[in-house]
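Here is a briefing on one protein chain. Look over the sequence and the model first, then read the points below.

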Amino acid sequence: MCKELQNILQEKGINAQLKTIKAWLQIANSDDVLYAADLATQDSVRNPAGFIGSLLRNGIVKVNKKEKRDPRYEAFYKLMEGN
């Protein structure tokens, strides 16, 4: 699994060691790692692997307006409704 993720990340231009990927998979699933990698490649990030690790450690909040809202973030949603 780690080697497959490493190959996918390398195709995106992100170099990460296997031990780093293993650490990521201990705190998140592979879909979250790939989502974080997509975010790292969309912005001009100097250290994509560090960016991915930071996102995974701090948590990724995916907001999709079509899906049911997560009640944990209801206060956040209320702040954003006025914009």
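The axes of helix 1 (residues 2–11) and helix 2 come within 9 Å and cross at roughly 110 degrees. Helix 1 and helix 2 are therefore roughly perpendicular to each other (65 to 115 degrees; under 35 counts as roughly parallel, over 145 as roughly antiparallel, the rest as oblique). Axes here are lines fitted to C-alpha atoms, for helices over the stretch in contact, and angles run from 0 to 180 degrees between N-to-C directions. The model is predicted: local features need pLDDT of at least 70, side-chain atom pairs count only at pLDDT 80 or more, and totals for chains, interfaces and linings use all residues. Residues are numbered from 1 along each chain as its sequence is written, and side-chain values use heavy atoms, with hydrogens and water left out.

**The contact of helix 1 with helix 2**

- Two packed helices are described by the angle between their axes and the distance between the axes.
- Helix 1 contributes Cys2, Lys3, Leu5, Gln6 and Leu9 to the contact (heavy atoms within 4.5 Å).
- Helix 2 contributes Leu18, Ile21, Lys22, Trp24 and Leu25.
- By class, this contact has seven nonpolar, one polar and two charged residues. Ala, Val, Leu, Ile, Met, Phe, Trp, Tyr, Cys and Pro count as nonpolar, Asp, Glu, Lys and Arg as charged, and the others, Gly among them, as polar.

**Overall make-up**

- The protein chain has five helices and zero strands. Helices (H or I, at least four residues) and strands (E, at least two) are DSSP runs, numbered from the N terminus.
- From the N terminus on, the elements run α-α-α-α-α.
- Of the 83 residues, 22% count as buried. Buried means under 20% relative accessible area, exposed over 50%, partly exposed in between (1.4 Å probe, protein chains only).
- Among contacts with a separation of 6 or more, 44% come from residues 24 or more positions apart.

**Confidence**

- Helix 2 (residues 18–27) has the highest confidence, at a mean of 92. Helix 5 (residues 74–81) has the lowest, at 74.
- Where pLDDT is low, the predicted coordinates should not be read in detail.

**Helix 1: faces and residues**

- Leu5, Gln6 and Leu9 are the buried residues of helix 1. They fall within an arc of 100 degrees seen down the helix axis, so they line one face of the helix. The arc is that of the directions from the helix axis to the C-beta atoms.
- An α-helix has 3.6 residues a turn, so residues three or four places apart point the same way.
- Glu4 and Glu11 are exposed on the other side of helix 1.
- The cover over the buried residues of helix 1 includes helix 2 and helix 3.
- Leu9 is buried, at a relative accessible area of 0%. Not counting residues up to four places away in sequence, Leu9 touches Ile14, Ala16, Ile21, Trp24 and Ala37.
- The C-alpha atoms of Leu9 and Ala49 are separated by 9.3 Å, though the two are 40 residues apart along the chain.
- Gln6 counts as buried at 11% relative accessibility. With residues up to four places away in sequence not counted, Gln6 touches Ala16, Gln17, Leu18 and Ile21.
- Gly13 follows helix 1, and its phi is positive, near 90 degrees.

**Helix 4: faces and packing**

- Ala49, Ile52, Gly53, Leu55 and Leu56 are buried in helix 4 (residues 48–58). Seen down the axis of helix 4, these buried residues fall within an arc of 160 degrees, so they line one face.
- Arg57 and Asn58 are exposed on the other side of helix 4.
- Helix 2 and helix 3 (30–42) are what the buried residues of helix 4 pack against.
- Gly59 follows helix 4 with a positive phi, near 95 degrees.

**Two further positions**

- Asn47 lies in the loop between helix 3 and helix 4. Asn47 is partly exposed, with a relative accessible area of 48%. Its C-alpha atom and that of Asn15, 32 residues apart along the chain, are separated by 9.5 Å.
- Lys19 is in helix 2. Lys19 is exposed, with a relative accessible area of 63%. The C-alpha atoms of Lys19 and Cys2, 17 residues apart along the chain, are separated by 8.5 Å.

Methods
pLDDT is the predictor's confidence in each residue, from 0 to 100.
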